[in-house]
Amino acid sequence: MMDYSHVLSSVVTGLKPSGIRRFFDLAAEMDDVISLGVGEPDFKTPYAIRRAGIESLEKGYTFYTANAGLMELRQEISTYLHRRFGVDYQPKTEILITVGGSEAIDGCIRALVEPGDEVLIPEPCFVCYDPLTRMAGGVPVAIPTKAENAFRLTADELRAAITPKTKLLILPYPNNPTGAVMRRRHLEEIAQVLRGTNIMVLSDEIYGELTYEEPHVSFASIEGMQERTILVSGFSKAYAMTGWRLGYAAGPAPIIQQMTKIHQFAIMSAPTTAQYAAVKALKPECDEEIERMAVEYNMRRGLIVDSLNRMGLSCFDPQGAFYVFPSIQSTGLSSEEFCERLLRSQKVAVVPGSAFGASGEGFVRISYSYSVDHLVEALKRIERFLQELKAQ
């Protein structure tokens, strides 16, 4: 009999599975569960975008594209990034089309990080940054962010975390799971710390179109930062295109060249049909679709924040993405205990904050990328659960 412990990579076996998945698996075993756990829009991909994908199939555009992606799409991304965020990239050499934003994150880390290099990761954060850093041989260094600072990375926190081994800062704003954003003045403070260093920045801006108080500011637009920034984004969130699996990276040509090499050997090219659909998505006439969905998310945001605060779950007011990150410390339960007991008692699935790093303990992530009816029923059940806890 094979002993697979001797053949499997110790790096991979040493990784913890996603803390999100355990609750989805539990929920899948139960009937009538309301899930507020998935970060996926409940909207269909807008019709014009779907139509463009269908038309590409009808025309027989079913072959590989260039490794870096359709030139037409790279040109459209370049135009879009200039139009919406005021940053300029050369389509031929500074943009790479990937299989979702996640592949762009992986490719960026692998292209930059060597064994022993430190990668600074503000937490709570998306679950992939730490394991991808470890798989590249890097050392993840968590920087806990705090609710009293609106879960923003501060210049002082960054400065204190930098060592001679620091290679990369991951800057994920608007943030998953907190919904925190970084305003221009905050980004300029971060930039001031980085000036004069060789530290690169992976700016994960996948939720950049989903901000509710002020327009998103790209870190690459801050003076002097574009040369050290790899901007990662995609189509899953703002365009409701999760299943199309399409993202991109924009950055300095020497880095995009190496990321393209990784992409070439690991993937070949992103899905052709999705690329043709994305060309349409980036046209100005589709901006209205983004705004329509953003307006709906904003309404849901108000509903869920007000409801949670009324129940006694102190809730930071998120200004981007489509998540809330309420504190559950008043219940005396850990994040995992709260989520498991809520699921078993009221059949509502949310995600423990600890799944997003140690600093997420004491919080839970709730997605409001669901219909109002769905949210209202889930909130009723959460309130019943809190009343049960008080009665014990």
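This is a predicted model: local features need pLDDT of at least 70, side-chain atom pairs count only at pLDDT 80 or more; totals for chains, interfaces and linings use all residues.
## Helix contacts

Helix α4, which covers residues 71-85, and helix α10, which covers residues 272-281, pack with their axes 9 Å apart and at an angle of about 30°. On the α4 side the contact is made by E72, L73 and E76, which meet Q275, Y276, A278 and V279 of α10. Sorted by class, the residues of this contact comprise four nonpolar, one polar and two charged.

Helix α11 (residues 287-311) and helix α13 (residues 372-391) have axes that come within 11 Å of each other and cross at roughly 10°, and the two helices are therefore roughly parallel to each other. The crossing in which α11 passes α13 is right-handed. From α11, the residues E296, M299, R300, L303, I304, S307, L308, R310 and M311 take part, and they meet V372, L375, V376, L379, I382, E383, L386 and K390 in α13. This contact of α11 with α13 divides into 11 nonpolar, one polar and five charged residues.

R22, F23, L26 and A27 of α2 meet E336, C339, E340, L343 and R344 of α12, and by class the contact has five nonpolar, no polar and four charged residues.

| Helices | Axis distance | Crossing angle |
|---|---|---|
| α4 and α10 | 9 Å | about 30° |
| α11 and α13 | within 11 Å | roughly 10° |

## Sheets

Seven strands form an open sheet with mixed pairing, in the order β2-β8-β7-β6-β5-β3-β4. Its edge strands are β2 (95-98) and β4 (139-144), each of which pairs on one side only, and neighbouring strands are turned against each other by 20° on average when direction is ignored. Within this order, strand β7 (residues 229-234) and strand β8 (residues 247-250) run antiparallel and are joined by four bridges; V232 has A249 in β8 as its bridge partner.

A second open sheet consists of three strands in the order β9-β12-β11, and its pairing is antiparallel. Why is one side of β9 and of β11 left without a neighbour in the sheet? Strands β9 (323-324) and β11 (351-352) stand at the edges and each has a single partner strand, so one side of each lacks a neighbour there. The pairing of β9 with strand β12 (residues 364-367) is antiparallel and runs over two bridges, and Y323 stands opposite S367 in β12.

## An aromatic pair

The model contains 15 aromatic pairs when ring centres within 6.5 Å are counted. One of these is the pair of F151 and F363, which is edge-to-face, with 5.7 Å centre to centre and 80° between the planes. The pair links distant parts of the chain, since F151 lies in the loop between β4 and α7 (155-161) and F363 lies in the loop between β11 and β12, 212 residues apart.

Note on methods:
Residues are numbered from 1 along each chain as its sequence is written. Side-chain values use heavy atoms; hydrogens and water are left out. Two strands pair if DSSP finds at least two bridges between them. Axes are lines fitted to C-alpha atoms, for helices over the stretch in contact, and angles run from 0 to 180 degrees between N-to-C directions. Angles under 35 degrees count as roughly parallel, over 145 as roughly antiparallel, 65 to 115 as roughly perpendicular and the rest as oblique. A crossing is left-handed if the near helix is turned anticlockwise from the far one by less than a right angle, and right-handed if clockwise. Contact means heavy atoms within 4.5 Å. Ala, Val, Leu, Ile, Met, Phe, Trp, Tyr, Cys and Pro count as nonpolar, Asp, Glu, Lys and Arg as charged, and the others, Gly among them, as polar. Rings of Phe, Tyr and Trp (its six-membered ring) pair if their centres lie within 6.5 Å; planes under 30 degrees apart count as stacked, over 60 as edge-to-face and the rest as tilted.
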